[in-house]
Amino acid sequence: MARPRQTIVSLEDTPYYHCCSRVVRKAFLCGIDKSTGENFEHRREWVDSRILELATIFAIDICAYAVMSNHLHVVIKVDADKAKKWSDEEVLIQWHKGFKGTLLTHKYLKEEDLNQFELQTVNECITEYRKRLIDISWFMRSLSEPIARMANKEDKCTGRFWEGRFKSQALLDEAAVLACMAYVDLNPVRAKMAATPETSDYTSIQRRINSAMKGEQPPELLPFVGNERLNMPNGLMFSVKDYIVLVEDTGRIIREDKHGAISSSSQDILNRLNIPADNWLKITTEFGALFKGAVGALPALTEYCEHLDRKRRQGAANCQRWLCA
């Protein structure tokens, strides 16, 4: 039985989540439908653009994403502190970037005169918008609904385009986050849609590689900021170069027609994560099958379950087997 979203998301334990949405009916999100010969490849651009657009609206950062033929993956980080620091005006500005708002919220931003009752109504809207801007369900809903409308219009039909619920799982530590990111980034390589990560269109790894070639990091994605230190900026605690090399090494190994091995720099990352190389390859090829719920070391998983009043640690055996050396 599906669990209510509030029994899955615990920002107290982690801001990182892996989300996945699939299409329904005999429909292709992207690519070519072999049964009809129709090409829907252009829809990948719709999803790619929408993911990056929402990152400029919500207080949610994009760590990794991949747009596949009939589903999409996205790894996100919820930045609740950012939303708390936004002024009331900033909350409304962010909300209006992607949503209509109300007549009163627009009047408020234009500094038009409002009576006490109208101000109270605006304040209630601000409180609600601030919550929604860190809400994973609102993020995924805002991603899927416009795509569904455009696809239904193109297909000249009505009804559901996506499954009723998207899958989400908490990533409780840096090992789970990095493993899930690599799993998502390597989706096209595993599916043989691309030969290498740099040729994997509409993925975060391709964006990171293209930016790295210019000595930059893509502004649309959560950056890699190196090792933990004082005044730590918001980002992933690894080197972007090391991550790209790790993904490329892993991609070469999982492709049957490629020869590859874990390099010394990649092995250093795995040592830091306390994950043996064989376990890493298993996780990055079968992450979705191995982990159905929250992912992380047993102490983190135990705390997560306690905070959500869950009596059973779903997936504890696999977390212990594959994430602990």
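Biologist: Does Arg43 count as buried or exposed?

Modeller: This is a predicted model, in which local features need pLDDT of at least 70 and side-chain atom pairs count only at pLDDT 80 or more, while totals for chains, interfaces and linings use all residues. Residues are numbered from 1 along each chain as its sequence is written, and side-chain values use heavy atoms, with hydrogens and water left out. A residue is buried under 20% relative accessible area, exposed over 50% and partly exposed in between (1.4 Å probe, protein chains only). Since the relative accessibility of Arg43 is 1%, the residue counts as buried.

Biologist: Which residue forms a salt bridge with Arg43 at 2.7 Å?

Modeller: A salt bridge requires a side-chain nitrogen of Lys or Arg within 4 Å of a carboxyl oxygen of Asp or Glu. For Arg43, the closest N and O atoms of such a pair are 2.7 Å apart, and the partner is Glu154.

Biologist: How many residues apart in sequence are the parts tied together by Arg43 and Glu154?

Modeller: Helices are DSSP runs of H or I with at least four residues, strands are runs of E with at least two, and both are numbered from the N terminus. The salt bridge between Arg43 and Glu154 joins helix α1 (residues 43-55) to helix α6 (residues 136-155), so the separation of the parts in residues is 111.

Biologist: Which residues are linked with Arg43 in a network of salt bridges?

Modeller: Glu154 is partly exposed, with a relative accessible area of 36%. The network of salt bridges that includes Arg43 links Glu154 and Asp155.

Biologist: What is the N to O distance in the salt bridge between Arg272 and Glu174?

Modeller: Arg272 is partly exposed at 37% relative accessibility, and Glu174 is partly exposed at 29% relative accessible area. Their side chains meet in a salt bridge, with an N to O distance of 3.5 Å.

Biologist: Which backbone oxygen does the side chain of Gln169 reach at 2.8 Å?

Modeller: Gln169 is in strand β4 (residues 167-170) and is buried, with a relative accessible area of 0%. A polar contact is a pair of N or O atoms within 3.5 Å; within protein, one must be able to donate a hydrogen and the other to accept it, and residues adjacent in sequence count only if both atoms are side-chain atoms. The backbone oxygen reached at 2.8 Å is that of Gly293.

Biologist: Which residues does Asn279 touch, not counting those up to four places away in sequence?

Modeller: Asn279 is in helix α12 (residues 277-290) and is buried at 12% relative accessible area. With contact defined as heavy atoms within 4.5 Å, Asn279 touches Arg321, Trp322 and Cys324.
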